[in-house]
Amino acid sequence: MQTDRDALTALIPQLAGNGPRYTSYPTANLFAEGDFQADYRNGWETGEARQTREISVYIHVPFCATVCFYCACNKIHTANRLHTRTYLAHLLREIELQVRVTGRRRITQLHFGGGTPTTLSVTQMARIFEKLEEHYELDASDSRDFSIELDPRKVTPDEVIALVELGINRISIGVQDFTPAVQQAVNRIQTQQETGQIAAAARSAGVQSVSVDLIYGLPLQTRDNFANTLRETLRLDPDRIALYSYAHLPTQFKTQRQIKSDDLPDAATKLSLLNLGIEAFEAQGYRYLGMDHFARETDSLCRAQDNGTLQRNFMGYTTHARRPLLALGVSAIGSTETCFSQNHKTLHDYYEALDADRLPLARGLVTSHDDRVRQSVISDLMCRLEVSQAAFTERSGVPLQTYFAQSWTALEALADLGLVTLSKQGIRVTSLGRYFLRNICMCFDAYLDQGTGRFSRTV
């Protein structure tokens, strides 16, 4: 559905500001440092985590041979693969320590992120699968979701085929932009041919899903050159597309200081790039799931949205709602129903904890009942673009407007702008409101006065 660009532009002055992406609620800037071992164990022994055998696992591999200037991930720039030996040994040790807390469970979702996960060799990846199989049950069914992020410049077709043989059935390919000038500005030179070869290798090996990652708001992007990136992306025929907003925070991330602020598109242009992407992808039959993800109607993400099991967490949109997330590796963030946890961010601290036979937990947060109520509403908005009054009352025992009486004035103001509709049935995000999901969710955030300067611009 095409949205009036003038309406979008007119809303920018009213809605521009800083706000969370809501990959979690409460957000990670609220995590507290300290001895979190007891709280972490309690998180796995109470609530839904205690009752379910199925879990998700995220494994972080921080190494990158080259640095992309836009990147805000926890990464270590090195071309020396010898560093991976020490890292792998500690990662395997962490698995051994974690199972003492989680118990033997069934892994239905597994994701390798980075950094560049394929800095690890196929042999090293096989060791991780062997260790996981030793202590956990790896789902072997077609419904499993075992994925890995791939940089087409740093992996060969044969390596992709070997990863699929290990059990990977979904791949996510980093592209960001196909325009040579944009690639030069962000230090990531990558051709459509390189990308296509990796996608083809994965499909020939039998993967269920190929996803492509793009970023809008990068330096030197224009409507014309971004339209070409969209056309080249569609030529790859991906099953899923992630279209992320570039968050320019050079005071927090050193590599972003290599990007010239004057080369960045302004807020109106940036929003028009998002609009261009939505129009292009929807015209080719992709569903706009929420803030930054698109999928074919036949994809499991769409089925999960339809049946209410879609979830948004630190891995983006996933199909495994209400599953505990076990985080492995430096800086990795995990969650259960009652707590969030994050590992140490430096290799030194991560290694030191594991060498002392301690889980490498650096900080975390135990959620309150109010946190979980607000999280459920934010999740509904992000994943289903609506909040059901009946479902909310059933969960909380209180009508939606009564519980969020202090939020309702701000929500009504967004309704007046045409971003949401409010009724006895609940809250529904409009087609225009999809561009401003973060602003809508902020109405339900009880912590917005605590460190919003750390967040990126919402528009």
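Reply: Helices (H or I, at least four residues) and strands (E, at least two) are DSSP runs, numbered from the N terminus. Residues are numbered from 1 along each chain as its sequence is written. The model is predicted, so that local features need pLDDT of at least 70 and side-chain atom pairs count only at pLDDT 80 or more, while totals for chains, interfaces and linings use all residues, and side-chain values use heavy atoms, with hydrogens and water left out.

Me: In which loop is D357 found, and is D357 buried, partly exposed or exposed?

Reply: D357 has a positive phi of about 60° although it is not a glycine, and D357 is found in the loop between α12 and β18 (361-366). Buried means under 20% relative accessible area, exposed over 50% and partly exposed in between, with a 1.4 Å probe and protein chains only. At 46% relative accessibility, D357 counts as partly exposed.

Me: What is the relative accessible area of L385?

Reply: L385 also lies in a loop, the one between α13 and β19, and has a positive phi of about 60° without being a glycine. L385 is buried, and its relative accessible area is 16%.

Me: How far apart are the C-alpha atoms of L354 and R93?

Reply: L354 is found in helix α12 (residues 347-355) and is buried, with a relative accessible area of 2%. Leaving aside residues up to four places away in sequence, L354 touches H90, R93, E94, L97 and P360, where contact means heavy atoms within 4.5 Å. L354 and R93 are 261 residues apart along the chain, yet their C-alpha atoms are separated by 7.0 Å.

Me: Which elements do the buried residues of α6 pack against?

Reply: Helix α6 spans residues 157-166, and its buried residues are V160, A162, L163 and V164. After α6 comes G167, whose phi is positive, near 135°. The buried residues of α6 pack against α5 (122-135), β7 (145-150) and α8 (192-205).

Me: Are α5 and α6 roughly parallel or roughly antiparallel, and which residues make the contact?

Reply: Axes are lines fitted to C-alpha atoms, for helices over the stretch in contact, and angles run from 0 to 180 degrees between N-to-C directions; under 35 degrees counts as roughly parallel, over 145 as roughly antiparallel, 65 to 115 as roughly perpendicular and the rest as oblique. α5 and α6 pack at an angle of about 10°, with their axes 10 Å apart. That angle makes α5 roughly parallel to α6. The contact is made by V122, M125, A126 and F129 of α5 and by E159, A162, L163 and L166 of α6.

Me: Where is the cis peptide bond that ends at P26, and in which loop is P26 found?

Reply: The peptide bond from Y25 to P26 is cis, with omega near -5°. P26 is found in the loop between α1 (5-15) and β1 (32-33).

Me: Which residues does S211 touch?

Reply: S211 has its place in strand β9 (residues 209-216), and at 11% relative accessibility S211 counts as buried. Not counting residues up to four places away in sequence, S211 touches I171, S172, I173, R240 and I241.
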